[in-house]
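Open the model in your viewer and follow the stops below. Each stop says what to select and what is there.

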Amino acid sequence: MSNNIIVEREKGMAELERRIAELRAASAAQPLDMSTEVAALEKKYREILQELFGTLSPWEKVHMARHPARPTSLDYISRFDRFDELHGDRHYRDDPSIVGGFALLHSRPVIVIGQQRGRDTRENLRRNFGMPAPEGYRKASRLARLAARLGLPIVTFVDTKGADPGISSEEHAQSEAIASCLQAFATARVPVVATIVGEGGSGGALALAIADHVMMLEHSTYSVASPEGCAAILWSDAGKAEEAAARLKLTADDLRRFGIVDEILAEPLGGAHRNAADVVVRTLAAVDAAVARLSSLPVERLLEERYRKYRLLGEWQDERLKPIGKSH
Amino acid sequence: MREWRRVIGGSTEGRREKEQQRGDAALWSKCPKCGEVLYRRDLAANLDVCTRCGYHFRMNAYDRIASIADGEFIEIGQDVVSSDPLGWSDKKTYPAKLGADRERSGVSESVLCGFATIGGFPVALGVMDFHFRGGTMGRVAGERITLLLEEAERRKLPCVIFAASGGARMEEGMVALIQLAKTTAAVARFMEAGNFFMTVLTDPTTGGVSASFAFQADVIVAEPKAMIGFAGRRVIEQTIRQRLPDQFQTAEFLLEKGAIDMVVDRRSLKDTLVRLLEYTRHDTKAR
Ligand SMILES: [Zn+2]
């Protein structure tokens with residue numbers, strides 16, 4: 001699916017990038033000083049970059065979150081000190097759209113769980129485009145319970161357009177699988193830190209995102225339904241997705257304001273994929289800091305604070321959120 | 001504790017008046033299943049079940065309460081009223097949509113919560129109403145259900161929730177979705193404290209409600225032919241590009257797949273709930 005508007009924009013930039021590279025090479029090879037031309041082109045390039053990516057609309061962020069080169073859960077997990085993947089829901093099969101297992105994060109043992117979309121078509125087919133089946137959520141629940149029993153913090157990476165809407169998923173009780181997963185995270189007697197690294201789509205995303213500390217990359221999105229789904233539900237017209245994206249308040253800034261997200265992680269100009277290594281390192285440092293802080297709390301207090309946090313969500317003091325009209 | 005309101009006999013005066021105002025049009029209902037034209041009074045006497053084919057009409061929350069509770073229903077959380085967290089507006093503003101639905105459905109939001117007795121057993125009772133915004137879960141529903149579970153936990157009462165929902169409410173965005181986390185946390189506390197939680201899934205129960213408290217219960221009952229599932233039928237058909245069999249996602253289908261405990265006709269539902277509640281009274285009032 002390359003109807004990605006960010007990818008299209010980058011194609012336009014590629015020509016300029018090529019010319020800068022050529023000029024730079026030529027300048028190095030020739031006695032003629034071309035550094036002024038190079039500098040001018042580079043300045044122009046930075047200006048265009050700023051213009052194209054400096055401020056992104058919600059719809060542009062939806063595309064950024066879905067960018068094929070955007071770091072996926074495994075790009076983060078593979079940079080842990082160690083990762084030993086565990087497989088299967090112990091009932092039926094292993095779902096490759098959720099990966100998880102033991103890991104060492106800055107020498108600290110944790111359980112890590114993430115939704116994994118494919119980085120190419122082949123992998124996408126194998127991983128069902130990152131849309132977990134009930135078996136995936138049952139694997140996640142199992143790992144969460146394991147973490148709680150061993151006293152290991154849970155670290156999750158959220159990146160899904162939603163839970164799989166297929167026949168076998170319904171036959172295997174997708175609802176129950178997600179419902180149990182929500183319960184496992186709500187009650188886990190260990191610190192839980194969730195990071196929305198790409199697209200956070202509806203209940204299928206929330207299933208891995210009930211956490212003591214929720215972080216979100218600057219251009220990630222997190223919404224009650226995909227903009228296409230929302231437009232289809234409300235207006236029977238998936239084509240109005242851009243309008244839905246604007247209304248849904250699905251950006252990190254919006255969600256920080258609602259208290260649904262606790263921390264926003266900045267991305268380089270143009271998106272996380274432009275300097276993935278740096279984004280991954282900074283994200284893991286932020287995860288580690290959150291885990292360290294939460295690990296110092298007595299478990300009863302941790303659970304009480306988690307309960308209170310969700311208990312109070314929706315009960316804000318914000319003027320715009322005051323009740324409207326009286327029920328009768 | 002918040003202000004309480006009494007609803008005697010499970011119906012409000014305002015609603016009765018409204019029905020009278022509707023006049024003749026409200027006298028008859030056509031069964032969408034068999035086409036039979038039914039006298040509204042006969043239908044009501046039969047708990048909104050078609051007297052010819054047994055089709056279960058979608059029930060108004062007050063009628064549901066009247067069909068289940070012995071008499072009094074003491075509502076809680078009715079002062080939790082809607083807000084407009086996203087400032088939503090499309091063809092209509094969100095507050096206007098809410099106002100229209102309140103008028104049309106006669107209920108204040110997509111769920112009514114309170115305390116009642118069922119066959120003499122005191123219970124916490126939550127009833128969703130599909131006629132209000134498709135029974136969608138938003139801030140009000142999340143808060144009311146959480147209040148219900150917390151108060152039920154304090155009183156050590158069993159909790160029964162009737163689900164009827166299209167999922168999370170779009171117009172409240174993530175504020176709606178996060179209510180699933182909130183009610184999940186409340187359900188978990190309630191159950192971990194040793195209390196009995198039962199849900200009755202009615203037509204339809206899908207999306208976020210299905211994927212949270214509806215399937216977190218100790219015992220899950222469903223009404224005949226109710227559509228129950230995570231993804232909506234249309235979404236699945238679009239994804240797989242083929243028509244689904246009629247039986248798919250019905251209560252009977254879920255029973256066969258092992259996802260629910262029983263399918264019970266509405267007309268014997270109260271008796272069934274009473275039978276089940278009897279198992280929770282072992283510590284007190286033993287005969
Ligand atoms: Zn009929």
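**Stop 1: the zinc site**

Select the zinc ion: its donor residues are spaced C-x2-C-x15-C-x2-C in sequence. This is a predicted model, where local features need pLDDT of at least 70, side-chain atom pairs count only at pLDDT 80 or more, and totals for chains, interfaces and linings use all residues. Residues are numbered from 1 along each chain as its sequence is written, chains are lettered from A and ligands numbered from 1 in the order written, and side-chain values use heavy atoms, without hydrogens and water.

Show B:Cys31, B:Cys34, B:Cys50 and B:Cys53. Their SG atoms are the protein donors, 2.3 to 2.4 Å from the zinc ion (donors are N, O and S atoms within 2.8 Å of the metal, or 3.2 Å for Na, K and Ca). The angles run from 106 to 112°, so the arrangement is tetrahedral (four donors, all angles between 85 and 135 degrees).

Check burial next. B:Cys31 is buried at 2% relative accessibility, and B:Cys50 is buried at 1% (buried means under 20% relative accessible area, 1.4 Å probe, protein chains only).

**Stop 2: the A–B interface**

Select the contact: 53 residues from chain A and 64 from chain B (heavy atoms within 4.5 Å). About 5000 Å² is buried between the chains, 65% of it on carbon and sulfur atoms (accessible area lost on being put together, 1.4 Å probe, summed over both).

How many salt bridges cross the interface of chain A and chain B? The rule finds three (a side-chain nitrogen of Lys or Arg within 4 Å of a carboxyl oxygen of Asp or Glu). Zoom to A:Arg311 and B:Glu143, whose side chains meet in a salt bridge at 2.9 Å, N to O.

Terms used. Four donors count as tetrahedral if all angles lie between 85 and 135 degrees; four count as square planar and six as octahedral if opposite donors are over 155 degrees apart and all others between 65 and 115; anything else is irregular. Buried means under 20% relative accessible area, exposed over 50%, partly exposed in between (1.4 Å probe, protein chains only). Buried area is the accessible area (1.4 Å probe) that two parts lose on being put together, summed over both.
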